[in-house]
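The following exercises are to be worked with the sequence and the coordinates at hand. Each task is followed by a stepwise solution.

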Amino acid sequence: MEDSVALWRDRLLLLPALSGVLVVASLTADHLLGAPASLVTVLEAGGLAAGAWTFVPDALRRLARRRLGVGLLMTIAATGAVALGHIGEAAALAFLFSVAEALEERAMHRAQQGLRALLALVPDVTRVRRAGHELQVPTADLRVGDVLLLATGDRVPTDGTVLAGRSGIDTSAVTGESIPVPAEPGDDVLAGSVTTNGALEVRATADGQDNSLTQIVRLVEEAHARKGDRARLADRIARPLVPTILALSTTVALAGLLTDQPLLWLERALVVLVAASPCAMAIAVPVTVISAIGSASRLGVVIKSGQAFEQLGTIRTVALDKTGTLTRNQPRVVTVQTLADLDQPTVLRFAASLEAASTHPLATAVVTAATAPTAARTAGPLPTPTDVAEHAGHGIAGTVEGHHVRVGSARWIHATTSSTTGSAPTVAATVAALADDGMSTVVVAVDDQAVAVLGIRDELRPEAAEAVRMLHDRGVATVMLTGDNVRTAAALARAAGIDDVRAEQLPADKAAAIGTSARTSPTAMIGDGINDAPALATATVGIAMGATGSAAAVESADVAFTGHDLRLIPLALDHARRGRRIMTTNIALALAIIVVLVPLALLGTLGLAQVVLVHELAEVLVILNGLRAARAPHPTWTTTTPAIASDPEPLTLTPTPLTPRHHLTLTAAPSCSCCAPSDDPHNTRPRTVR
């Protein structure tokens, strides 16, 4: 993508500049040099021709299609001025209007240029492995399934999933986040991201011409053609205003024929025509909307329409889904509560050796915790279990290093272990305490004795609480809507600082809650799952977590958030509110121009030259004011997102001192058939052995 062209090198301004030079030359020749009238006329005619060429042909083409526009008013006004012998005034009108038109087109171009520059974030060629051979292929020719070979510092050419390697990923150019995020096998990476400290093998999940970057560009370009309510209001004002102005000018001219000064009133009719031209109204909102939508992409916020942008600036309530929005949607073992004489690393090692045979999300969390480098150094490599058997909806069992090990729900463990008493905490009490803290639980039994409870939780995003506080500081209320159970939802809501919690919500319940809220307060819904799609469509503004969200959620939403840092959402609201203020100012200014200039022109207080000057300078002011919306807010916080490390640890394990074996009284904890409350209890997703 080409860089922004300097004003003096922009071809859009070539004819307006030539027109301006000739107009100034004619004024200089006439008033300062006393040049012959014929030379002055030639200079004025040249200035008129250069300026008129930028809008007259288009106005005539539109008229042929029976479409009236501001350019037609300017054409009629210039023609009438020439007919009255005011070639200089006509040239000045053509010059100033051509400058305004060129500046508008330049503004539109610059507003789109930053978004289009996203496409330059992908390399021209990419190193791939196909059929066992390494090849250099054009990025546009990448296919789904290609294995991309990325070195440190390479840009990711298309969306994909990491197959091998570890690296930090800088997504600042795409999502607006300044801190790199970790990428390891299984993680998704976005086109345009940069590897910072390691090589990766990535399997392409999108081809080179249809990925997240191209989709962002396409969505925002579609938004340019779909204007918001205020833009339509401006159009509704401008459409009847053009024939009204023509009728008013015609009436003034015809009425002048009944007086003894018909030429004077004909001239005033032309001045009224120019004074009432709604050119400022026509461009007041589009320049602002396009500038603001383009710059919002730098915050990782893709706004699908001008209407959505305007409504985003009205939001007073934000409803948030829990899983995948407030949380990472990556369950992790956060605590190991031992109940007997085995230390934490050994318990985790035994459990993970069995869970490695399962594909359940909680099983994945256990294996991840046990195989993390620090845990592996503490407890050693995972042993190979024997006699492994899945018990669908309950758990998994097998033999590990000569011990009979079971891992599963408290109810199942209680039914299959001895019932003894002792001084140690009961399984039920431990499970209940962890559940109250928003955790799912897995109980580990060794040789028919419960030895530990693992607490697993989908942790809040590290910036979630600060993002909620930022919303509250802006007078925006927050609500959590989740299908999860009341305990888990309440615990995470407390940590995030959200007071209004709606748990165990079905998709229809979420949509109904959003509909009720939207009737009393402009409401935004932020979600990422298919179950959020009805609520996203019902909200005043639906915001989909586009980087991880389902296709249904993204399609239903008005805005797609491609970033991960939720603190960018309050900044996007600030950006939209500022854009609305700029649009309001522009509309008021455009109307004020017409209201003030028309009576002055009708009374003869202002002549054609003065009206043209005031009117077109005000139009330029409207454009410049609209361009202010292109400035997106810059994050100023100190990030709480963990920095990339070579050994990230979700859990710190400390050995438990060996004590005489406790005799436990096992009591079934109130939970599902396999685990305590979670977004996806085991009994709804049977465990299977690969």
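**Exercise 1.** In which loop does D448 lie?

*Solution.* D448 lies in the loop between β16 (440-446) and β17 (449-457). Helices (H or I, at least four residues) and strands (E, at least two) are DSSP runs, numbered from the N terminus. The model is a predicted one, in which local features need pLDDT of at least 70 and side-chain atom pairs count only at pLDDT 80 or more, while totals for chains, interfaces and linings use all residues. Residues are numbered from 1 along each chain as its sequence is written, and side-chain values use heavy atoms, with hydrogens and water left out. The next step is accessibility: D448 counts as partly exposed, because its relative accessibility is 35%; buried means under 20% relative accessible area, exposed over 50%, and partly exposed in between (1.4 Å probe, protein chains only). Finally, the backbone: phi of D448 is near 65 degrees, a positive value in a residue other than glycine. Most residues other than glycine have a negative phi.

**Exercise 2.** Determine the setting of D387 and its contacts beyond the local sequence.

*Solution.* D387 is found in strand β13. It counts as exposed, because its relative accessibility is 64%. Phi of D387 is near 55 degrees, a positive value in a residue other than glycine. Not counting residues up to four places away in sequence, D387 touches A397, G398 and T399, where contact means heavy atoms within 4.5 Å. The C-alpha atoms of D387 and V400, 13 residues apart in sequence, are 9.0 Å apart in space.

**Exercise 3.** Is L382 buried, partly exposed or exposed, and which residues does it contact?

*Solution.* L382 lies in the loop between α15 (373-379) and β13 (386-391). With a relative accessible area of 28%, L382 is partly exposed. Leaving aside neighbours within four places in sequence, L382 is in contact with R349, A352, S353, A370 and T371. T371 is eleven residues from L382 along the chain, and their C-alpha atoms are separated by 7.7 Å.

**Exercise 4.** Classify the packing of helix α9 (residues 262-275) against helix α23 (residues 568-602).

*Solution.* The two helices pack at an angle of about 175 degrees, with their axes 9 Å apart. Axes are lines fitted to C-alpha atoms, for helices over the stretch in contact, and angles run from 0 to 180 degrees between N-to-C directions. Therefore α9 and α23 are roughly antiparallel, given that angles under 35 degrees count as roughly parallel, over 145 as roughly antiparallel, 65 to 115 as roughly perpendicular and the rest as oblique. On the α9 side the contact is made by W265, R268, V271, V272 and A275, and on the α23 side by I593, I594, L597, V598, A601 and L602. By class these are ten nonpolar, no polar and one charged; Ala, Val, Leu, Ile, Met, Phe, Trp, Tyr, Cys and Pro count as nonpolar, Asp, Glu, Lys and Arg as charged, and the others, Gly among them, as polar.

**Exercise 5.** Repeat the analysis for helix α17 (residues 427-436) and helix α19 (residues 486-496).

*Solution.* These helices pack at an angle of about 50 degrees, with their axes 8 Å apart. That angle makes α17 oblique to α19. A432, A435 and D436 in α17 meet R487, A491 and R494 in α19. The contact has three nonpolar, no polar and three charged residues.
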